[in-house]
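This briefing goes through a protein model topic by topic. Please keep the sequence and the coordinates open while reading.

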Amino acid sequence: GDYHLVHLGARAMGGAGLVFAEMTCPSPEARITLGCPGLWNTQQRDAWKRIVDFVHGNSEAKIAIQLGHSGAMTRAEMETVRDQFVQSARYAAEAGFDWLELHCAHGYLLSSFISPLTNQRTDEYGGSLANRLRYPLEIFHAVREVWPKTLPISVRISAHDWVEGGITPDDAVDIARAFKAAGADL
């Protein structure tokens, strides 16, 4: 809406080389609050396109979108959420964004899979770091498949849980390497 047009447009016109939209959700259920921005339908795509076009038309700045999800789920819901991320990435490309970031930090959904503090699953998505990364990497691969190859994609991670038994800086290096091997640019 107008808030994001003014907020992001002002940063771009103020000289920023890259402006990032806040975490944008791929479904209504993915939101942290009812006021969180979304990208799950064509009306939202077109509203974001208005903002992207303004940034591109009034500055030399690039504009990035960050896709993230807040909640927990069953295996069937995991497949639905993967497909919602894919559709949002398609809409983001259609809206003209220059960069996409997958939000895997701050305890939100994908981060909760990665951290041993929040991932208490006993299936193939829990336990070892490789297993805990399985679902976030599934999402990343699916999004990377539809995001234009010529445009960058990054992954935001929590580099340290600051609690004993949680993610450490050494783990963060392994997490970053896993996403880099999957095709992340940053």
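The model is predicted. It has zero disulfides, one cavity of 30 Å³ or more, and a largest nonpolar core of 49 residues.

**Cysteines**

- A search of the whole structure turns up zero disulfides.
- A disulfide needs two cysteine sulfur atoms within 2.5 Å. The sulfur closest to that of Cys25 belongs to Cys36 and lies 5.2 Å away, so the two are too far apart for a bond.
- For Cys104, the closest cysteine sulfur is that of Cys25, at 13 Å, which is also too far for a bond.
- Cys25 is buried, because its relative accessibility is 0%.
- Cys104 is buried as well, with a relative accessible area of 1%.

**Nonpolar core**

- The largest nonpolar core contains 49 residues, and Phe97, Leu100, Tyr135 and Phe179 have the most contacts inside it.
- Helix 5 supplies the largest share of this core, with nine residues.
- In soluble globular proteins, nonpolar side chains tend to be buried together.
- Beyond its neighbours within four places in sequence, Leu100 is in contact with Ile65, Leu67, Ala89, Ala92, Val143, Trp147, Pro152, Ile153 and Ser154.

**Cavity**

- The structure holds one cavity of 30 Å³ or more, and the volume of the largest cavity is about 50 Å³.
- Its lining consists of Cys104, Ser111, Ile114, Ser115, Ile157, Ser158, Asp161, Ile167 and Ile175.
- By residue class, this lining divides into five nonpolar, three polar and one charged.
- Ser115, one of the lining residues, sits in the loop between helix 4 (109-114) and helix 5 (129-146).
- Ser115 counts as buried because its relative accessibility is 5%.
- Setting aside neighbours within four places in sequence, Ser115 is in contact with Arg132, Asp161 and Ile167.

**Positive phi angles**

- Most residues other than glycine have a negative phi.
- His106 has a positive phi, near 60°. This residue is in the loop between strand 3 (99-104) and helix 4, and at 47% relative accessibility His106 counts as partly exposed.
- Trp162 also has a positive phi near 60°. Its place is the loop between strand 4 (153-157) and helix 6 (169-182).
- Trp162 is exposed, because its relative accessibility of 71% is over the 50% cut-off.

**Loop between strand 2 and helix 3**

- Ser70 lies in the loop between strand 2 (62-67) and helix 3 (75-95). With a relative accessible area of 24%, Ser70 is partly exposed.
- Not counting residues up to four places away in sequence, Ser70 touches Glu29, Ala30, Arg31, Ile32, Tyr108 and Leu109.
- Ser70 and Glu29 are 41 residues apart in sequence, and their C-alpha atoms are 8.1 Å apart.
- Met73 is found in the loop between strand 2 and helix 3. Its relative accessible area is 13%, so Met73 counts as buried.
- Met73 touches Met78, Val81, Leu109, Arg121 and Tyr135, again not counting residues up to four places away in sequence. Among these, Tyr135 is one of the residues with the most contacts inside the largest nonpolar core.
- From Met73 to Ile157 the C-alpha separation is 20 Å, over 84 residues in sequence.

**Helix 2**

- Gln44 belongs to helix 2 (residues 42-58). Gln44 is buried, because its relative accessible area of 17% is under the 20% cut-off.
- Leaving out neighbours within four places in sequence, Gln44 is in contact with Gly38 and Leu39.

Methods:
Residues are numbered from 1 along each chain as its sequence is written. This is a predicted model: local features need pLDDT of at least 70, side-chain atom pairs count only at pLDDT 80 or more; totals for chains, interfaces and linings use all residues. Side-chain values use heavy atoms; hydrogens and water are left out. Buried means under 20% relative accessible area, exposed over 50%, partly exposed in between (1.4 Å probe, protein chains only). Helices (H or I, at least four residues) and strands (E, at least two) are DSSP runs, numbered from the N terminus. Contact means heavy atoms within 4.5 Å. A nonpolar core is a set of buried Ala, Val, Leu, Ile, Met, Phe, Trp, Tyr and Cys residues joined through side-chain atoms within 4.5 Å. On a 1 Å grid over the protein atoms alone, a cavity is a set of points where a 1.4 Å probe fits but cannot get out, and a pocket is an open set with protein on both sides within 12 Å along at least five of seven lines; lining residues have an atom within 4 Å of a point. Grid points are joined across faces, edges and corners, and a volume is the space filled by probe spheres set on the points. Ala, Val, Leu, Ile, Met, Phe, Trp, Tyr, Cys and Pro count as nonpolar, Asp, Glu, Lys and Arg as charged, and the others, Gly among them, as polar.
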